Amino acid sequence: MTSRALDWLVCPVCEARLARDGSVLRCAAGHSFDVARQGYVNLLRRAAPENADTPAMVAARDRFLRAGHYAPIAAAVADVARGARQIVEVGAGTGYYLATALDEVPEAEGLATDVSPAAARRAARCHPRAAAVVADTWLRLPLPDGAVDAVLCVFAPRNAAEFARVLRPGGRAVVVVPGPAHLRELREGYGLLGVGEDKAERVRQAFDGWGSREERLTYELALGAEDVADVISMGPNAFHGLPAATAPCRATVDVAVLTLTR
């Protein structure tokens, strides 16, 4: 964990600033939170929800992303984040998109948040200039008002009110959502969860009053059987049963990269 990223955090109990004291984060009121051996801090103050990513899901996501299948998405997100000094990725999973953005912005520091301890554990190692905490995007993020320049939200829950609170004036949220053709071949072949036709438009409506710009990315993947198993295992489909076997196939990537400016 980097000291500058720690400087952003506030106590989830009283919202006072947190400071590191050895292996503990502590606020002036005496609330304290242990820094885990793996480098992340759990600020959730309750058990993770049942739909939090499991260690197996996180491992599958790490393998799939490391193979470079979503590298064009990461590059598009990093390009939008260029110039930001403080970047937070919510629902960060492994911290892949945050790490890519930090590689492109050498002066930036990053924070990964996820409701899954397994994900935060992995994200804590994603980049030397990143920190990771367990936190719920639907609740109050452990950040002060106007603390960050950019919020990254890639295939993750979106909380427009919280994004507006933690962003500085003029800050931007980079939101990536699947298009109707995204992984269509896998959804049809393996009975996976569907994707709404108008997801990008519904995001824009949720961020009513924000400036909006959209970039559409569409390309084809050549996936091996192991890649197919990983992409099914790394998301919510994992909670609905996994296929007994998978086969190599070609699959469409279809996503909208939305830049939403406060």
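## Basis of the model

Contact here means heavy atoms within 4.5 Å. This is a predicted model: local features need pLDDT of at least 70, side-chain atom pairs count only at pLDDT 80 or more, and totals for chains, interfaces and linings use all residues. Residues are numbered from 1 along each chain as its sequence is written, and side-chain values use heavy atoms, with hydrogens and water left out.

Start with F64. Its relative accessible area is 0%, so F64 is buried (under 20% relative accessible area; exposed is over 50%, partly exposed in between; 1.4 Å probe, protein chains only). Beyond its neighbours within four places in sequence, F64 is in contact with H69, Y70, L221, L223, D227, D230, V231 and M234.

F64 also belongs to the largest nonpolar core, which has 52 residues. A nonpolar core is a set of buried Ala, Val, Leu, Ile, Met, Phe, Trp, Tyr and Cys residues joined through side-chain atoms within 4.5 Å. The residues with the most contacts inside this core are F64, Y70, I73, I87, Y97, L186 and V231. Helix α3 (residues 71-81) gives the largest share, 7 residues. Helices (H or I, at least four residues) and strands (E, at least two) are DSSP runs, numbered from the N terminus. A second, separate core has 39 residues, including C11, A160, A200 and V203. In soluble globular proteins, nonpolar side chains tend to be buried together.

## Helix α9

Helix α9 spans residues 225-233 and is mostly covered, with 7 of its 9 residues buried. These are A225, D227, V228, D230, V231, I232 and S233. Among the elements covering them are α2 (55-66), α7 (184-190), β10 (211-223) and β11 (249-261).

## Aromatic cluster

The model has 5 aromatic pairs. Rings of Phe, Tyr and Trp (its six-membered ring) pair if their centres lie within 6.5 Å; planes under 30 degrees apart count as stacked, over 60 as edge-to-face and the rest as tilted. F64 and Y70 form an edge-to-face pair, 5.2 Å centre to centre with 80° between the planes. Y70 is buried, at 2% relative accessible area.

Y70 also pairs with F155: the ring centres are 5.8 Å apart and the planes stand at 55°, so this pair is tilted. Y70 lies in the loop between α2 and α3, and F155 in the loop between β8 (148-154) and α6 (160-166), so the pair ties together parts that are 85 residues apart in sequence. F155 is partly exposed, at 33% relative accessibility. F64, Y70 and F155 form one aromatic cluster.

## Largest pocket

F155 also lines the largest pocket. The volume of this pocket is about 1200 Å³. Its lining has 44 residues; closest to the pocket centre are R61, F155, A156, G235 and P236. A pocket is an open set of points on a 1 Å grid over the protein atoms alone, where a 1.4 Å probe fits, with protein on both sides within 12 Å along at least five of seven lines; lining residues have an atom within 4 Å of a point. Elements giving two or more residues to the lining are α2, α4 (96-104) and β6 (109-114). The largest share, 3 residues, comes from α2.

## Cysteines

The whole structure has 0 disulfides (pairs of cysteine sulfur atoms within 2.5 Å). C27 is buried, at 6% relative accessibility. C153 is in no disulfide either; its nearest cysteine sulfur, in C126, is 16 Å away. C153 is buried, at 0% relative accessibility.

Key: Points joined across faces, edges and corners; volume = space filled by probe spheres on them.
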